[in-house]
Amino acid sequence: MSELDLLNLNYATAEQARSAAMEMLADHPRGWSLPQPFYNDPSFFRLDMETIFQHEWLFVGMTAEIPSRGDYLTVEVGQNPVLIVRDGDGGIEAFHNVCRHRGSRICTQPKGKVANLTCPYHQWTYNLKGNLLYTGTAMGEHFDPQAFALRKVHCRQAGGFIFVSLTPDEPPPIDEFLSTLDEYMAPYDMENTRVAAESTIEEQANWKLVVENNRECYHCAGSHPELLRTLLEWDDTNDPRATPEFVADYERQARQWDAEGIPHRQIKFGLRNRIVRMPLKSGTQVMTMDGKTASSRLLGRIKSRELGSMRILHLPNSWNHMQSDHVIVFRVLPVSAQKTLVTTKWLVHKDAEVDVDRLTHVWHATNRQDKELAEQNQRGINSLSYAPGPYSETHEFGVINFIDWYRQALLGEG
């Protein structure tokens, strides 16, 4: 089948979409953007949701957002509402946010606090472990409430991050990454932080375009003047663009980090997860307009404000910047083939005084700029003239790695 035939298929079924996607990927040259349907076809989007977002571990929120018994947060993974709640034993549980009676959503707000989980439709009530407590008398004497507990979702936590996997089967292995995440996040003491600011923007672009945009800074000089006041355009001492001055500054700060017991060596877990600490521009401390403090308190046991940015990548849906006095976490959730939600949260020490405008200015501006870039990218890809193009091996190697991971995940090779 020719490439033109593949592009002109009417992908009426999931199996047709899967077959076409596999054939396209089999012949797709490494280091090139994907064929058009991967970015705009609803059937290919459904394939992404079924194969990736209903299987892989997804970042959903921070443990500091639900510090006490009954605190909860909710997310929508495609058409799957998910509920994450702090139970009475201090643990964190995740459930499908779907009543076992007639399927109504139980918790309807993004965040909240409850004594028990009560469905607003017919008041079926569950405890914080998901066990059904109450249905009234309408179900009759032979009804067995033990058979109707909430359906659980795989849930793990590490370093203050909460991850879920919607697969009913065994989720992908994640223990090694979580162990390292605990180690690298230990200096921040995330249990004693709070969310100082949060934003969610809707981008009219496929989720892969949103991630691709994040995985390179080739566009930064022309689009992100605020961000580049503090951020370097690379995050690896082996990057060919890294200057001798940068390498010397990295080595100087690395000695200081070692003396304070601050982990910083780059660690990768295949193409899915990556942690590395890198300096910011010389003379700056955090990602503010002047590079100076954004919060009155340092985090955890951190002593120096010159901590650079520890960058954490978790595919398919999160990138993060950990700094001395605040952390910034990002979550990507697809909505449709050409719509994606990007949520940004700024966390500080729970007792810190913060100028929120100062704290958020750089990344509010950067997010707006990235939204425009992704949406213009999507509009161009929708054109009849679009054809895959080559990525730069030096400036866009992060995008190449992402597409390699995506291909592996979709083909079941990862």
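The UniProt record, in an unreviewed entry, places the feature "domain: Rieske" at residues 57–164; annotations of this kind may be inferred rather than shown by experiment. The structure is a predicted model, in which local features need pLDDT of at least 70 and side-chain atom pairs count only at pLDDT 80 or more, while totals for chains, interfaces and linings use all residues. Residues are numbered from 1 along each chain as its sequence is written, and side-chain values use heavy atoms, with hydrogens and water left out.

**The annotated span**
- The end C-alpha atoms of residues 57–164 lie 5 Å apart, and the span is 0% helix and 40% strand.
- Helices (H or I, at least four residues) and strands (E, at least two) are DSSP runs numbered from the N terminus.

**Aromatic contacts**
- The whole structure contains 18 aromatic pairs, a pair being two rings of Phe, Tyr or Trp (its six-membered ring) with centres within 6.5 Å; planes under 30 degrees apart count as stacked, over 60 as edge-to-face and the rest as tilted.
- One of these pairs joins W124 and F143 edge-to-face, at 5.6 Å centre to centre and 65 degrees between the planes.
- W124 lies in the loop between strand 6 (117–118) and strand 7 (125–126) and F143 in the loop between strand 8 (132–134) and strand 9 (154–158), so the pair ties together parts 19 residues apart in sequence.
- W124 is buried at 3% relative accessibility, where buried means under 20% relative accessible area, exposed over 50% and partly exposed in between (1.4 Å probe, protein chains only).
- The ring centres of W207 and Y406 are 6.1 Å apart and their planes stand at 65 degrees, so this pair is edge-to-face.
- W207 in helix 6 (residues 207–214) and Y406 in helix 10 (residues 397–411) are 199 residues apart, and their pair links distant parts of the chain.
- W207 is buried at 0% relative accessible area, and Y406 is buried at 1%.
- F38, F44, F53, W207, F402, W405 and Y406 form one aromatic cluster.

**A charge over a ring**
- The charged end of R277 sits over the ring of W257, 5.8 Å from its centre; this requires NZ of Lys or CZ of Arg within 6 Å of the ring centre and within 35 degrees of the ring normal.
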